[in-house]
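Hi,

Here is the structure I promised to pass on to you. Have a look at it first, and then read my notes below.

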Amino acid sequence: MIAGSKWLLTLSAWCLFLGEFCDIFCIIRSFSNAMKPKENQVRTYDADGFRKRAACLCLNSSRDKVLLVSSSRYPDRWVVPGGGLEPEEEPSQAAIREVAEEAGVTGVLDVDLSEETPRGYLDTFENTERNHRTMVYLVQVTKLLDDWEDSQKIGRKRKWFSLEEAQQSLAEHKPVQEQYIIKLLLILNKHKNCKVSTPHASPSANTQASEEDTVGSDDSRNGHSLPELRSTTSLEGRMLQNKKHDCSSNTDSTCQSIESHVVGAVSKHRIESPNSQTTSRFSTLAKTCDTR
């Protein structure tokens, strides 16, 4: 009886040991798979010797949440998906490829956010400790795949975070990636403030101003206000308009002919009408042409 109990205890101890060993083996295997370079992967470097990387901030449609993935080295930590550029690969293409492999994301570059993010490009961030520079892009998520490459190979996970939560999570172990979120928040706040503070002109006010400008330009075209033109007698009004128009556009000889015409009209009117006020007005017109 005692011997059987010892045997069972020994067997249980071996089972526990094997279980722990299996867990440790799985962790080591996952870590080694994560550390192995991808098949046919070639690292590329810039002119300063920094390794070239690309990463994506995967945003929802309202741009208030970002998708992070679990770290390949430390599964309980969250990171921004990204990786190295392949030879002859554009940074934006590399960013889209990396989020498809690491996060199972299908999306498009967020090109409509701001003038500060041309073609979805946020900025380039330098990590001097690990000697790489990462070009970060903004991606609008259109679809999340149920199974993707890293989920099958290393059991990578993904999770939505608010921008503030993501900043706090990254600040603990990825301070450079935290700067991605800080830069994005600054642009979003500026974009929001611009929308709120943009003045909206009143359509009725614009219409009224336009009508006033139109009336003013039509009425003052010949140097007279509308009441003046209406109060002028028909004969005298025509004489004033002809005199001003012709004298300003024709030669001196034309003005002389107008002068003789006016003088003739004055002489004729003196014969036909004894009205001294009207005669005085025509005399004034004649004197005006003399001075011109």
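Searching the whole structure, which is a predicted model, turns up 0 disulfides. Cys56 takes part in no disulfide, and the nearest cysteine sulfur to it, that of Cys58, lies 5.4 Å away. A pair would have to be within 2.5 Å to count as a disulfide. In general, a disulfide is a covalent bond that joins the sulfur atoms of two cysteines.

Are these cysteines buried or exposed? Cys56 is buried, with a relative accessible area of 0%, and Cys58 is buried with a value of 0% as well.

**A residue in a helix**

Next, please find Ile182, which sits in helix α5, spanning residues 175-197. With 25% relative accessibility, Ile182 counts as partly exposed.

**How confident is the prediction?**

For the protein chain, the mean pLDDT is 74, and 53% of its residues reach 70 or more. Over residues 247-251 the pLDDT is below 50, and this stretch has 3 contacts in the model beyond near neighbours in sequence. Residues 269-276 also stay under 50, and the model gives them 6 contacts beyond four places in sequence.

Happy exploring!

How values were computed: Residues numbered from 1 in each chain as written. Predicted model: local features only at pLDDT ≥ 70, side-chain atom pairs only at ≥ 80, totals over all residues. Heavy atoms only, no water. Buried < 20%, exposed > 50% of the residue type's maximum accessible area, 1.4 Å probe, protein only. pLDDT = per-residue confidence, 0-100. Contact = heavy atoms within 4.5 Å. Helix = DSSP H or I, 4+ residues; strand = E, 2+ residues; numbered from the N terminus.
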